[in-house]
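These are my notebook entries on one structure. I set down what I looked up, entry by entry.

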Amino acid sequence: MTQPILIATKNQGKVKEFAHAFEKLGRTVVSLNDFPTFPDIVEDGDTFSANARIKAKAAGDAFQVTVLADDSGLRVASLDGAPGVYSARYAGEGAADADNNAKLLHELGKLNVDAAEPLADGTRLLSKAQFVCVLALYDPATGEFIETEGTVDGFIADRPRGEGGFGYDPLFWLPQLGRSMAELSKEEKQAISHRGNALAKLIEKLEVK
Ligand SMILES: O=c1nc[nH]c2c1ncn2[C@H]1C[C@H](O)[C@@H](COP(=O)(O)OP(=O)(O)OP(=O)(O)O)O1
Ligand SMILES: [Mg+2]
């Protein structure tokens, strides 16, 4: 039996996406939710890369197994790239997804949005935006990291759509699909998303090694 892959995350949305992706490769995953006594990791890096490495190293050194970590977030053009690495705590420490989404709409509501044509249902697109995901795979035996980054471009809509995904997905509009990220199946999200993209790059790197 091959070992499950340990993902250094407590985010159930991420866990579901990785479980789906790795299932197709015949692998299962476990996360820090399976180790409730494992202490919270302080993500005090200035970049997605730094935080991904902090999470991978903390778990890898503790468990002495190879660990995958994901640090990700949303860059909103009209907010000069905010919330960026602060995406998880945009509305404050311990904020829920709904709080962060409300804060995002509040901040964008303060700006004068250009008079772009609304969508058929009246939805307005408030700003260009990009999801970013940095994956770090850390091997405690060598102390080495393998790192990849994935992005996806879209817009922030003025109202939520869809029940899938997590985080900012209901507000993230994909013009090429005419749907929000939360309206995609797991399969569709993996094919287009920052995380799916970063994971495809990581698997490619591992294959050529
Ligand atoms: O596909 C996504 N769809 C919607 N929102 C997303 C996505 N990917 C990241 N995000 C948002 C959620 C959270 O506000 C932040 C990640 O913060 P980040 O610190 O990497 O994750 P987290 O604290 O939720 O879990 P953990 O650190 O245990 O992996 O960006
Ligand atoms: Mg986090």
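**Entry 1**

I looked up Pro83 and found it in the loop between E3 and helix H3 (97-109). Helices (H or I, at least four residues) and strands (E, at least two) are DSSP runs, numbered from the N terminus. The model is predicted: local features need pLDDT of at least 70, side-chain atom pairs count only at pLDDT 80 or more, and totals for chains, interfaces and linings use all residues. Residues are numbered from 1 along each chain as its sequence is written, while chains are lettered from A and ligands numbered from 1 in the order in which they are written.

I then checked the peptide bond that joins Ala82 and Pro83; it is cis, with omega about 0°. I noted as background that most peptide bonds are trans, and that most residues other than glycine have a negative phi.

Asp80 also lies in the loop between E3 and H3. Its phi is positive, near 55°, although Asp80 is a residue other than glycine.

**Entry 1: Helix H2 and the residue after it**

H2 has 16 residues and reaches 23 Å from its first C-alpha to its last, close to the 22 Å expected at 1.5 Å a residue. The expected span is 1.5 Å times one less than the number of residues.

The buried residues of H2 include Phe48, Asn51, Ala52, Lys55 and Ala59. I noted that in an α-helix, with 3.6 residues a turn, residues three or four places apart point the same way. What covers the buried residues of H2 includes strand E1 (5-7), E3, E4 and E5. Contact here is a matter of C-beta atoms, placed from the backbone, that lie within 7 Å.

Gln64 follows H2 and lies in the loop between helix H2 (48-63) and E3. Gln64 has a positive phi of about 55° although it is not a glycine. Gln64 is exposed, with 9 other C-beta atoms within 10 Å.

**Entry 2: The sheet**

I listed the strands next. Seven of them form an open sheet in the order E2-E1-E3-E4-E5-E6-E7, and the pairing is mixed. Strand E2 (29-31) and strand E7 (179-180) stand at the edges with a single partner strand each, so one side of each has no neighbour in the sheet. Two strands pair if DSSP finds at least two bridges between them.

Helix H5 (residues 194-208) packs on the sheet and touches E3, strand E4 (125-139) and strand E5 (144-157); its direction makes about 155° with that of E5. Axes are lines fitted to C-alpha atoms, for helices over the stretch in contact, and angles run from 0 to 180 degrees between N-to-C directions.

I went through the pairs of strands:

- E1 and E3 run parallel, joined by two bridges; the partner of Leu6 in E3 is Val67.
- E3 and E4 run antiparallel, joined by 10 bridges; the partner of Arg75 in E4 is Gln130.
- E4 and E5 run antiparallel, joined by 14 bridges; Gln130 stands opposite Asp153 in E5.
- E5 and E6 run antiparallel, joined by two bridges; the partner of Phe155 in E6 is Trp173.
- E6 (residues 172-174) and E7 are antiparallel over two bridges; the partner of Leu174 in E7 is Arg179.

The hairpin of E4 and E5 has four residues between the strands, and Gly143 there takes a positive phi near 75°.

How many residues of E3 are buried? I found 10 of the 10, so E3 is largely enclosed by the rest of the structure. Both faces are covered, with Val67 and Asp71 among the buried residues on one side and Leu68 and Asp70 among those on the other.

Which residues are closest to ligand 1? They are Thr9, Asn11, Ser87, Ala88 and Gly167, out of 22 that surround ligand 1. A residue counts as near if its C-beta atom, placed from the backbone, lies within 6 Å. Strand E3 (residues 67-76) gives the largest share of this shell, five residues.

Key: Two residues are in contact if their C-beta atoms, placed from the backbone, lie within 7 Å. A residue is buried if 20 or more other C-beta atoms lie within 10 Å of its own, exposed if 12 or fewer, and partly exposed in between; C-beta atoms are placed from the backbone.
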